Amino acid sequence: MIMNHQGSWAMDEFGGAQVGDARLGRRLIKLVDRLGDAPSASIPGACNGRTETQAAYRFFDQARADKRGLGWESVLAPHMARTEARMAAHPVVLCLQDTTELDFNGQDIDGLGRLSYAAQRGMYVHPTYAVTPQRLPLGILDNWMWARPLGTLESRRWVEGYERVAERAQKLPGTRLVYVADREADMLELMQRAHALAYPADYVLRAQHNRCLPQGGKLWPATLATPSLGEIEFTLGPRTGQPARTVRQTLHAHVVALPDGQGGTLQVSCLIASETGLQTGQKPVEWRLLTNRVISTVEQAAELIDWYRCRWEIETLFHVLKNGCRVEALQLGEIKKLELALAIYLVVAWRLTHLQHLARTHPELPASGVFDPVEWQAAWLLAEKDPPKKTPSVREVIRRIAMLGGFLARKGDGEPGVKTLPD
């Protein structure tokens with residue numbers, strides 16, 4: 001199991017945080033428990049009365065320079081260590097990276113900066129999210145948080161992100177780590193750094209640049225000119241206004257030598273997956289990926305495509321953070337306080353996605369393997385019903401919690417999503 005259930009999940013993930021003294025450590029654990037129980041509520045709404053609410057705000061005050069100057073890194077460190085321990089149990093772990101912007105426009109919070117549109121004010125969060133190829137969320141492995149303007153190049157976060165993954169790989173010799181990122185990470189600097197470190201972790205990047213090749217021509221046409229490795233087929237899940245459908249793609253791979261910036265070259269494989277057999281009006285699904293791995297068979301190419309498709313899990317994490325935890329409604333006055341809260345809510349969002357995954361993939365797992373007895377019994381007590389005498393399954397508990405948030409649990413409703421889980 002992912003947690004030690006002799007204590008609360010908050011103790012499992014935040015116990016031992018170096019926050020200044022034991023009293024603040026206990027306050028942190030209680031605060032995490034409260035926010036985890038009611039992540040969509042405001043801080044006063046999640047806390048049990050005025051005294052707890054005041055204690056919560058005093059904890060966030062510790063981020064101020066005239067207090068302890070407590071940084072979010074200290075709060076998140078125990079969870080990142082637990083994530084690393086969970087990773088060691090798996091032969092392959094995907095380290096997903098992406099950035100999301102948090103819009104606090106109209107709120108009086110010191111230290112915010114401009115977002116994509118100059119009129120918006122907010123900040124950016126860029127975590128490294130560890131999941132298995134089976135999409136089991138393992139936790140937050142690394143994180144960047146900032147507001148514009150930043151004193152260094154924002155693009156540096158992608159390279160540093162790989163470096164942190166590479167450091168973890170050295171400590172996990174039995175686990176292959178794979179750095180997975182979208183188009184913004186398509187930088188020669190990142191590939192050069194991975195090459196210089198001798199690839200302790202693999203990378204899979206979605207290509208943004210149709211690079212010129214040393215021997216002439218462009219990367220993408222050259223890749224498509226190679227013989228097809230074969231075809232793959234998978235089901236693309238439903239998207240806004242579009243039902244689920246079967247996708248069939250033809251695969252082409254090409255190995256190229258790019259300048260390494262030191263007079264030599266580094267080897268990069270380009271994989272292009274192009275959809276075929278489209279119906280009229282359908283938009284083709286095409287991916288152009290870059291990787292350090294050699295691709296010579298359809299099986300190797302299919303594995304990389306599967307790994308890249310798992311990148312959607314970090315979008316799910318962001319969805320839970322914004323809509324399930326409603327972090328853009330936080331009113332803490334200063335960005336440093338906000339960062340402390342976001343460190344907690346990132347872990348809360350991970351836990352919600354983890355529970356949702358277990359409910360869908362292991363629905364009959366006993367609830368005692370995931371929840372403390374007081375946690376799953378509360379799902380019935382809050383609905384003014386007697387808890388079952390026999391330990392229920394994970395699926396039963398998740399559905400009962402979701403019903404508190406408005407999930408109707410009718411025959412045709414399917415399984416609850418993250419919007420109803422937190423309430």
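Colleague: Let's start with two helices. At roughly what angle do the axes of helix H2 and helix H4 cross?

Modeller: Happy to begin there, and please keep in mind that this is a predicted model. H2 covers residues 22-37 and H4 covers residues 50-61. Their axes come within 10 Å, and they cross at roughly 115°.

Colleague: Is that crossing left-handed or right-handed, and how many charged residues does the contact of H2 with H4 have?

Modeller: H2 passes H4 in a left-handed crossing. On the H2 side you will find Leu24, Arg27, Leu28, Lys30, Leu31 and Arg34, and they face Glu52, Ala55, Ala56, Arg58, Phe59 and Phe60 of H4. By class, there are seven nonpolar residues and no polar ones, and the charged residues number five.

Colleague: What about the loop between H10 and H11: why does Val327 count as buried?

Modeller: Val327 is found in that loop. Leaving aside neighbours within four places in sequence, Val327 is in contact with Leu102, Phe104, Leu321, Lys322, Leu342 and Tyr345. A residue is called buried when its relative accessible area is under 20%. Val327 qualifies because its relative accessible area is 0%.

Colleague: How far apart in space are Val327 and Ala41?

Modeller: In sequence, Val327 and Ala41 are 286 residues apart. From C-alpha to C-alpha, the distance between Val327 and Ala41 in space is 9.8 Å.

Colleague: Is Trp146 buried or exposed?

Modeller: Trp146 lies in strand E5, residues 137-146. Not counting residues up to four places away in sequence, Trp146 touches Thr99, Met123, Tyr124, His126, Glu154 and Arg157. Its relative accessibility is 2%, so Trp146 counts as buried.

Colleague: Let's turn to the strands. Which residue in E10 stands opposite Thr250?

Modeller: Strand E9 (residues 245-259) pairs in the antiparallel sense with strand E8 (residues 230-236) over seven bridges, and there Glu231 stands opposite Thr250. E9 also pairs in the antiparallel sense with strand E10 (residues 265-276), over twelve bridges. In E10, the residue opposite Thr250 is Ser274.

Colleague: Which residue in the turn of the hairpin of E9 and E10 has a positive phi?

Modeller: E9 and E10 form a hairpin, with five residues between them. The phi in question is about 85°, and the residue that has it is Gly261.

Colleague: To finish, what percentage of the residues of the protein count as buried?

Modeller: The secondary structure comes to 13 helices and eleven strands. Among contacts between residues at least 6 apart in sequence, 62% join residues at least 24 apart. Of the 423 residues of the protein, the share that counts as buried is 52%.

Definitions and conventions. Residues numbered from 1 in each chain as written. Predicted model: local features only at pLDDT ≥ 70, side-chain atom pairs only at ≥ 80, totals over all residues. Heavy atoms only, no water. Axes fitted to C-alpha atoms, helices over the stretch in contact; angles between N-to-C directions. Helix = DSSP H or I, 4+ residues; strand = E, 2+ residues; numbered from the N terminus. Left-handed = near helix turned anticlockwise from the far one by under 90°. Contact = heavy atoms within 4.5 Å. Nonpolar A, V, L, I, M, F, W, Y, C, P; charged D, E, K, R; others polar. Pairing = 2+ DSSP bridges. Buried < 20%, exposed > 50% of the residue type's maximum accessible area, 1.4 Å probe, protein only.
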